[in-house]
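This report is meant for a reader who meets the structure for the first time. It begins with the contacts between chains and then turns to features within single chains.

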Amino acid sequence: MEWEPVIGLEVHTQLLTKSKAFSGASTKYGAEPNTQACAVDIALPGVLPVFNREAARMAVKFGLAIGAQINHRSVFARKNYFYPDLPKGYQISQYELPIVSTGRLTIDVDGVEKVVGITRAHLEEDAGKSLHEDFHGMTGIDLNRAGTPLLEIVSEPDLRSSKEAVAYLKKLHQLVVWLGICDGNMQEGSFRCDANVSVRPKGQAKFGTRAELKNINSFRFVEKAIEFEIERQIDLLEGGGTVVQETRLYDSDKDVTRSMRSKEEAMDYRYFPDPDLPPLILDEALIEGVRATLIELPDAKRARFMQDYGLNAYDAGVLTSSREMADYYETVVAEAKSDPKIAANWIAVELSGFLNRDNKDILHSPVTASMMAGLLKRLADNTISGKIAKDVLAAMWSGEGDADAVIEKKGLKQITDTGAIDKVIDEIIAKNPKQLEQYRAGKEALFGYFVGQVMKATQGKANPAQVNELLKKKLSP
Amino acid sequence: MFDKTVAELSRALGRKDISSVELTGVFLARINKYKDLNAFITVDPERSLAQARAADARIGKGGAGALAGVPIAQKDIFCADGWRTTCGSKILSNFTAPYDATIIGKFNAAGAVCLGKTNMDEFAMGSSNETSYYGGVKNPWDTAAVPGGSSGGSAAAVAARLSPAATGTDTGGSIRQPSALTNLTGLKPSYGRVSRYGMIAFASSLDQGGPMCRTAEDAALLLNVMAGFDPRDSTSVDAPVPDYTQTLSGDIKGLRIGLPKEYFGAGMNPEVARTIDAAIAECKKLGAQVVEVSLPNSQLAIPCYYVLAPAEASSNLSRFDGVRYGYRAENYTDLLDMYCKTRAEGFGAEVKRRIMIGTYALSAGYYDAYYLKAQKLRRLIAEDFRKAFESCDVIMGPTSPTTAFKIGEKSDDPVAMYLSDIYTISVNLAGLPGMSIPAGFDSKGLPVGLQLIGQYFDEARLLNVAHRYQQATDWHKRMPKGFE
Amino acid sequence: MSLDREQVRRIAHLARLHISEQEAAAYADTLSRILGLIEQMNAVDTSNVAPMAHPNEAGLRLREDAVSETDQREKFQRIAPAVDAGLYLVPKVIE
């Protein structure tokens with residue numbers, strides 16, 4: 001029996017507003033418990049919600065970016081349930097009429113493009129946090145996070161493998177960070193993913209029963225959790241059992257999914273339109289205002305880089321992984337006026353190596369775009385060779401100054417004077433008569449040996465192209 | 001002094017015939033003298049007198065507003081910073097509000113003195129003040145009878161001259177019905193006219209706070225302070241507040257009074273009917289004309305209300321869970337038990353009934369049949385009013401089907417209690433302004449109230465009509481025996 | 001429409017209200033009567049009527065995104081039933 005996994009993803013993104021969705025308290029991360037929970041956030045008797053304009057604009061921005069239908073009229077609804085981190089005993093969310101419906105996101109899995117449908121994106125407020133340790137059998141509740149605006153993005157069940165799921169998540173993550181609506185920090189909980197997973201016999205139209213995997217906080221765990229769950233369901237079904245519709249937690253230590261003990265049978269949330277909040281009406285001015293702020297999106301930028309700069313898909317992809325990286329690249333190209341492909345390599349491969357090693361993002365690179373441009377200029381004008389340039393970059397990264405300063409200090413200027421190189425070659429040849437004889441006798445591999453000796457004698461500063469040319473002349477009989 | 005209206009007291013304070021401290025002292029003494037009425041849940045003489053002192057200083061400087069130094073009793077549904085605020089419930093018996101409701105802030109800014117927090121049906125659910133955790137309230141006109149509800153404490157306080165005026169709230173009649181039963185002038189403003197921020201929520205789309213006084217002029221003075229847009233309340237309407245005292249004396253010649261035929265059908269209490277007829281005749285003497293109108297869906301107002309209000313309440317009351325404030329049960333085994341015991345012990349029977357009905361009406365499978373259906377009926381009821389107002393300016397009728405009933409008479413039968421809201425409920429559903437004014441007495445000496453219903457945001461007209469009527473009659477000046 | 005004890009228990013659980021067996025029976029009775037009152041709504045056909053949530057048709061007012069509230073933790077927690085290290089304490093939540 002061939003099985004086909006069916007996966008849909010629900011992602012909760014915390015929107016980057018300064019204040020909360022329905023109150024004027026701050027949303028800054030890391031504050032002392034309950035110091036950013038105002039009267040409205042702690043649901044004192046008599047308080048009322050007032051909606052944050054910026055949260056609406058950010059939702060619209062997202063909707064426009066995924067080519068979705070923006071609903072001019074959407075309604076806030078109460079989702080009623082009891083939990084200590086939910087002060088009102090209900091969450092203000094959107095139910096029948098969300099602000100954004102039917103959009104799409106194009107993903108790339110191993111070179112194959114796939115369009116994934118996005119069913120809807122709606123606005124809601126976040127709950128507080130529960131801390132279970134350190135309180136002698138009690139749980140401590142921090143309501144700083146309560147009321148932070150969330151955009152819940154729901155995909156169609158279009159994904160067919162854990163790989164596709166991860167590709168979708170990464171694409172979505174890149175987009176919300178790109179748009180400046182979410183900081184994408186999964187460890188801090190600003191980008192949270194739940195996965196709905198089911199399997200069905202290949203070719204069957206009807207979906208199987210699905211399980212919901214909750215709160216997986218890294219791309220790697222998403223992949224593993226989904227993998228495990230697919231296997232679990234297939235084993236269950238092949239063994240004659242049935243899949244129960246339930247919520248499961250992923251245990252990253254044991255790499256298994258586990259049924260949530262205290263979750264009750266189908267929760268009855270008793271959704272109804274929130275009587276404290278009239279319908280959210282978006283006028284054209286607001287939507288067009290947001291549209292005007294839409295900058296070039298990742299896919300478009302990547303295509304343009306490939307077209308205008310002649311880059312390959314991989315390099316273009318790395319260079320457009322974030323807005324900051326893309327801006328850095330284009331600044332370098334403009335300043336250095338050098339070959340964009342060479343610039344691409346130096347940023348996507350060489351610089352990125354340092355960024356990854358030291359866990360820095362491009363914004364915190366000690367080598368600024370100007371400095372990088374400076375390095376590339378020296379490479380282009382032959383002051384240094386490619387190999388030396390790598391060392392210069394390393395020195396620049398360590399804070400030893402810009403390219404010119406490093407080259408000057410370490411005396412790394414390339415030797416391009418033909419006469420000087422000839423002199424060194426003559427010395428090397430004189431010191432290695434045996435190798436010369438063997439080379440002339442046909443052992444061509446020894447060419448590399450001579451190149452090495454010349455480079456060593458010149459501390460690597462001899463221009464490699466010239467060394468090759470001149471050596472060839474001198475070594476030939 | 002204690003029989004003077006707010007307008008008279010305001011002038012006396014302005015002339016410095018009396019100080020706010022003295023005046024406040026007079027009312028505090030009366031509250032204590034007549035504490036058997038149980039009109040107040042919390043009295044804090046120190047706080048009140050401190051406010052009175054500050055008011056006297058302001059009046060001394062000159063330029064203070066009309067309410068400066070005037071004592072006002074506040075229904076215990078309004079959060080007032082530093083005051084115990086119970087909403088008539090055990091679940092908030094230990095709750096000291098850490099902030100001011102918007103209207104409390106407005107009264108404070110106007111220099112008014114908070115005389116204390118008045119008794120009320122628990123969470124505003126009731127029509128007789130018998131569901132209060134703090135005991136029932138006696139009607140000064142007959143201490144064996146109820147004062148009406150849910151603003152029963154405010155009604156008894158003003159009727160017995162324990163306070164010159166009070167605030168109330170009205171979700172299905174809770175200002176108007178007690179006003180009718182205690183010979184007061186009570187106004188429920190249009191929905192959105194007065195801020196709900198800090199007013200503990202019962203049914204969010206129906207609740208409105210308003211004045212309970214002895215005259216239309218006093219109601220106008222209070223409404224001037226209470227009304228206005230509040231950015232903290234998303235249902236608050238951004239419309240200018242006129243000076244309601246400026247339009248009180250306008251002529252009402254030619255005023256078209258609509259009388260809904262559904263309100264005057266057979267089965268009406270004959271004494272109430274007689275009194276209302278006489279009141280309308282009085283209005284005709286003042287130049288008004290009478291026109292018959294129809295509100296065909298009137299009967300549906302009660303079932304409609306008893307779905308919507310409990311549904312919204314069931315959700316609004318979920319925050320009372322013993323976690324962040326208020327009562328928490330003493331004995332429980334785990335979190336679930338804590339929630340269930342706290343709420344079972346903290347809420348009274350009527351509140352629990354309404355939470356259950358509300359929860360049921362919203363639950364899976366029943367939403368369409370109950371909640372959605374009620375919202376549709378609501379539109380029909382609002383439409384009825386809109387059509388009726390095409391041929392009249394003000395709608396009149398009785399406020400309550402009966403005069404004050406005996407304590408205990410209806411408390412065993414919730415449905416019977418619900419039916420006493422028949423004339424007032426549809427006004428909340430439509431969001432229109434409504435007033436009850438004294439129109440006479442029955443053979444037992446119990447007050448009868450005349451209800452005036454206006455178009456959306458037409459409070460000024462209602463106050464005008466009420467004022468003209470009060471200039472031609474003196475029902476509103478009568479004082480209950482034993483409180484002289 | 002009448003409610004039985006099982007339904008009453010389910011509703012009480014949704015509303016987090018502890019009720020005893022006697023109470024369940026009493027509620028079943030009272031709530032059924034209230035439902036009888038409510039069922040009068042069915043007398044009218046509302047298939048072509050739009051629901052009305054508010055008396056006016058105004059849309060939601062939007063607030064500028066600015067921090068306007070200060071830290072009042074001390075004041076707010078003075079009235080809390082159980083607090084430790086700035087956190088509200090509840091019986092342990094089992095996930």
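## Where chain B meets chain C

Between chain B and chain C there are 2 salt bridges, and one of the pairs joined in this way is C:K75 with B:D81, whose closest N and O atoms lie 2.8 Å apart. The model is a predicted one, and across this interface 14 residue pairs are in polar contact, counting pairs in which both residues have pLDDT 80 or more. On the side of chain B that touches chain C, two or more residues each are given by α9 (301-316), α10 (335-346), α11 (349-362), α12 (368-388), α13 (414-418) and α14 (425-430) of chain B. The largest share of that side comes from α12(B), with 12 residues, and the residues of the side as a whole divide into 41 nonpolar, 11 polar and 14 charged.

The size of an interface is often given as the accessible area lost when the parts come together. For chain B and chain C the buried area is about 5200 Å², and 70% of it lies on carbon and sulfur atoms. In this contact, 66 residues of chain B and 51 residues of chain C take part.

## Where chain B meets chain A

Chain B is also in contact with chain A, through 38 residues of chain B and 31 residues of chain A. The two chains bury about 2700 Å² between them, with carbon and sulfur atoms giving 60% of that area. On the chain B side, the residues that lose the most area to chain A are B:S234, B:R319 and B:R324, which together account for 22% of what that side buries.

The count of salt bridges here is 1, and A:D276 forms a salt bridge with B:R196, with the closest N and O atoms 2.9 Å apart. The elements of chain B that give two or more residues to the side touching chain A are α9, α10 and α11, and the largest share, 4 residues, comes from α9(B). The residues of this side divide into 19 nonpolar, 10 polar and 9 charged.

## Two sheets in chain A

Strands of a sheet pair through backbone hydrogen bonds, either parallel or antiparallel. In chain A, an open sheet of 9 strands runs in the order β3-β7-β8-β11-β1-β12-β13-β14-β15, with mixed pairing. Its edge strands are β3 (69-70) and β15 of chain A, each of which pairs on one side only. Within this sheet, β13 (residues 211-216) and β14 (residues 247-251) of chain A pair in the parallel sense over 3 bridges, and A:K214 has A:L249 of β14(A) as its bridge partner.

An open sheet of 3 strands in chain A has the order β6-β5-β16 and antiparallel pairing. Here β6 (90-94) and β16 (272-273) of chain A stand at the edges with a single partner strand each, so one side of each has no neighbour in the sheet. Strand β5 (residues 76-80) of chain A is paired with β6(A) in the antiparallel sense over 5 bridges, and the bridge partner of A:K79 in β6(A) is A:Q91.

## A helix in chain B

Helix α4 (residues 102-109) of chain B has B:T102, B:I103, B:I104 and B:F107 as its buried residues. These buried residues pack against β2 (71-75), β4 (166-170) and α7 (216-226) of chain B. After α4(B) comes B:G111, which has a positive phi, near 85°.

## Backbone details

Most residues other than glycine have a negative phi, and most peptide bonds are trans.

In chain B, the peptide bond from B:G149 to B:S150 is cis, with omega near 5°. B:S150 is found in the loop between β3 (113-118) and α5 (152-159) of chain B.

Note on methods: Residues are numbered from 1 along each chain as its sequence is written. Chains are lettered from A and ligands numbered from 1 in the order in which they are written. This is a predicted model: local features need pLDDT of at least 70, side-chain atom pairs count only at pLDDT 80 or more; totals for chains, interfaces and linings use all residues. Side-chain values use heavy atoms; hydrogens and water are left out. Two strands pair if DSSP finds at least two bridges between them. Buried means under 20% relative accessible area, exposed over 50%, partly exposed in between (1.4 Å probe, protein chains only). Contact means heavy atoms within 4.5 Å. Buried area is the accessible area (1.4 Å probe) that two parts lose on being put together, summed over both. A salt bridge is a side-chain nitrogen of Lys or Arg within 4 Å of a carboxyl oxygen of Asp or Glu. A polar contact is a pair of N or O atoms within 3.5 Å; within protein, one must be able to donate a hydrogen and the other to accept it, and residues adjacent in sequence count only if both atoms are side-chain atoms. Ala, Val, Leu, Ile, Met, Phe, Trp, Tyr, Cys and Pro count as nonpolar, Asp, Glu, Lys and Arg as charged, and the others, Gly among them, as polar.
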